[in-house]
Amino acid sequence: MNNESTDISRAPQEDTTGRPDAPERLNALQRYHILDTPPEEAFDHITDLAAHVLDMPMAVVNFIDAERQWFKSCVGIEDIRETPLDQAFCNITIRTPGLLVVGDTLKDERFTGNPFVAGPPHLRFYMGMPLTSPDGYRVGTLCVMDTEPRTVSKQDRATMRKLAGVVMDELEMRATESQRAYRELQNREKRLRDLANSVPGVVFRVRAIPAGGAPRTKMEIRGEFISGYAEQLLGYPVEEHDPADAFRWFIERVPAAHRRDFRDSIAEAVEAGAQWEHEMPFVRPDGTRIWIRAASTPDPNATRSDELVYNGVLLDNTIQKRAEAQLRRSKEEAEEMSRLKSSFLTNMGHEVRTPLSSIIGFAEVLNDMELEGPARRFSRLMHRSSKRLLDTLDAVLYLSQLEAGSVSMQPAPLSASATLYDVASSFQAKAKAKNLSFEVDLPDSTAESVFDRDAFERVLSCVIDNAVKFTSEAGRVSVRMQAEPETIVVTVADTGVGIDVAFFPHLFTAFKQSSTGNRRAYEGSGLGLTIVQQLLKLMQGSMVVRTTPGEGTTFTVRVPRYVEKAGSARQDPFLS
């Protein structure tokens with residue numbers, strides 16, 4: 001059989017739809033996005049089938065751009081992924097509208113000088129079918145080859161046409177899916193842009209690029225996206241500027257005094273590949289000064305290992321910064337007022353204590369004299385009132401020291417049970433005068449502990465004093481201590497008047513008392529429990545109060561048994 005050029009009777013004429021450099025044909029090829037893609041089973045199955053059915057040692061699906069022939073799938077050809085067009089058999093195939101059959105390449109002047117004919121693999125037979133797009137452009141070929149001359153049957157020709165059709169069906173399906181994915185990607189990008197533009201902050205994306213191969217400490221920051229809110233917040237003309245210039249535009253408006261910290265924070269985050277957060281002042285083009293809070297995280301899907309892509313947001317932090325500044329001013333003013341108050345109370349203590357001590361002394365002298373009638377009553381009233389005033393003054397001064405933080409704990413070894421016994425004993429006479437049943441239940445051990453003795457005694461004195469004070473005659477007061485491994489627990493229970501529900505929330509409020517006025521039922525400064533609360537915080541302890549109006553009250557005090565140094569309270573007292 002004579003050597004054939006095509007399967008049509010007349011000689012083929014060159015068609016511009018198959019000319020390699022024709023722009024329209026190249027556009028048709030690019031629509032499939034097939035060049036330089038990884039191997040795929042769908043195309044490998046076709047070349048395997050072509051080689052098997054046609055009994056050929058070599059089969060190829062290739063695509064041709066303006067300068068090369070690129071192999072998508074190969075059977076029988078190794079280590080070759082592409083060839084120049086001047087060496088490509090298929091360069092001739094795509095110029096013809098039908099099947100090209102070359103029975104013996106040595107007898108066809110178009111191929112005798114081809115390096116693949118003259119040299120390895122010494123091709124002698126070639127049959128190729130153009131891969132033609134639906135709009136008529138030939139983008140590549142399906143071909144089979146042999147190292148021996150061959151003749152082909154009509155059935156072989158039909159098989160090549162059908163297999164080429166299968167290749168095009170696969171390409172079209174890929175293109176359809178690709179277009180659908182591309183449209184979905186565009187829609188998603190539009191939705192994301194719309195979302196970014198609706199956020200009350202500037203959404204941005206920047207790429208950190210090594211400057212001339214330098215390490216990450218020297219990176220060029222290039223913007224890739226900035227949302228439309230930048231115009232409202234920053235005064236940045238989004239429509240007029242390329243996003244690549246946004247970073248340079250932004251940093252020029254960071255005040256010079258803050259610019260280095262801003263750059264250093266970026267360099268530190270980029271070098272570590274870590275999240276970046278920073279606050280900085282910013283001057284808008286109209287001169288308005290605002291505060292910006294920036295936060296961004298590196299994109300784990302960045303394509304290049306030597307680059308970092310950051311996605312983040314810029315938020316207006318002006319109101320918060322102003323509030324913080326006002327809070328600092330208020331804190332400073334409060335501290336100054338507290339200092340002045342402490343100074344005033346200290347001075348008042350010195351100024352009042354001396355004459356008050358004299359009044360108490362004079363009252364005691366008068367009480368020792370055998371006065372009669374109103375004089376005796378007035379001297380006793382003067383003595384009692386002066387003592388009450390002195391007690392109130394001492395409590396006010398001590399509370400002011402607690403609030404000013406000038407009272408520190410001095411932990412020392414002591415016997416908790418012995419300390420409680422000494423304090424409780426001091427109230428025996430007062431309880432006896434009211435005909436109270438006064439019970440003290442101590443643990444068997446000495447309850448050796450380490451904490452501040454003075455603070456512990458003050459807490460115990462206040463709680464026991466309240467129990468005795470608010471319990472009517474013939475009532476009962478019980479004081480009990482438990483020495484747990486880590487905690488000392490003191491429970492003081494009484495059968496007194498209890499605490500009114502309305503007053504309970506104010507139990508630890510300074511100067512608050514359940515009865516007020518000159519005719520109040522119980523005397524006191526109203527500072528005792530306030531001081532107890534402050535001391536328990538310093539002792540890292542707590543207190544629980546349970547009460548039933550008309551039936552009595554129980555105070556449960558818990559303090560750590562061993563405190564090596566002063567500390568702040570772990571919790572506030574809990575009222576129930």
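Which loop holds Gln-540? Gln-540 sits in the loop between α14 and β17. Its phi is positive, about 65°, although Gln-540 is not a glycine. That is one local detail of a predicted model. The rest of this report moves from the whole chain to its cores, its cavity and a few single residues.

**The chain**

The chain has 576 residues, and 43% of them count as buried. It holds 14 helices and 19 strands. Take the contacts between residues at least 6 apart in sequence: 64% of them join residues at least 24 apart.

In soluble globular proteins, nonpolar side chains tend to be buried together. Here the largest nonpolar core has 46 residues. Those with the most contacts inside this core include Phe-438, Phe-451, Phe-456, Ile-464 and Met-543. Several elements supply at least two residues each: the helices α10 (374-403), α11 (416-425), α13 (453-469) and α14 (528-538), and the strands β15 (476-483), β16 (487-494), β17 (542-548) and β18 (552-560). The largest share comes from α13, with nine residues.

**Helix α13**

α13 is largely enclosed by the rest of the structure, because 12 of its 17 residues are buried. The buried ones include Phe-456, Val-459, Leu-460 and Ile-464. Asp-465, Asn-466 and Lys-469 are buried too. How far apart are the end C-alpha atoms of α13? They are 24 Å apart, which agrees with the 24 Å that 17 residues should span at 1.5 Å a residue.

**Around Ile-488 and Thr-487**

Ile-488 is among the residues with the most contacts inside the largest core. Beyond its neighbours within four places in sequence, Ile-488 touches Ala-416, Ala-447, Phe-451, Phe-456 and Val-557, among others. Thr-487 lies in strand β16. Is Thr-487 buried or exposed? Its relative accessibility is 17%, so Thr-487 counts as buried, the cut-off being under 20%. With neighbours within four places set aside, Thr-487 is in contact with Gln-482, Arg-558, Val-559 and Arg-561.

**The cavity**

The structure holds one cavity of 30 Å³ or more. The largest cavity has a volume of about 310 Å³. It is lined by 25 residues, and the closest to its centre are Phe-204, Val-206, Ile-221, Phe-247 and Trp-276. β7 (202-210), β8 (219-226), α7 (246-251), α8 (256-272) and β11 (308-316) each give two or more residues to the lining. β7 gives the most, with six. By type, the lining divides into 21 nonpolar, two polar and two charged residues.

**Backbone details in loops**

| Site | Angle |
|---|---|
| Pro-120 to Pro-121 | omega about 5° |
| Ala-447 | phi near 55° |
| Gln-540 | phi about 65° |

The bond that joins Pro-120 and Pro-121 is a cis peptide bond. Pro-121 has its place in the loop between α4 (115-118) and β5 (125-132). Ala-447 has a positive phi, in a residue other than glycine. Where is Ala-447 found? Ala-447 is in the loop between β13 (437-441) and β14 (448-451). Ala-447 is buried, with a relative accessible area of 1%.

How values were computed:
Residues numbered from 1 in each chain as written. Predicted model: local features only at pLDDT ≥ 70, side-chain atom pairs only at ≥ 80, totals over all residues. Heavy atoms only, no water. Core = buried A, V, L, I, M, F, W, Y, C linked by side-chain atoms within 4.5 Å. Buried < 20%, exposed > 50% of the residue type's maximum accessible area, 1.4 Å probe, protein only. Helix = DSSP H or I, 4+ residues; strand = E, 2+ residues; numbered from the N terminus. Contact = heavy atoms within 4.5 Å. 1 Å grid on protein atoms, 1.4 Å probe; cavity = no way out; pocket = protein on both sides within 12 Å on 5 of 7 lines; lining within 4 Å. Points joined across faces, edges and corners; volume = space filled by probe spheres on them. Nonpolar A, V, L, I, M, F, W, Y, C, P; charged D, E, K, R; others polar. Expected span 1.5 Å × (residues − 1).
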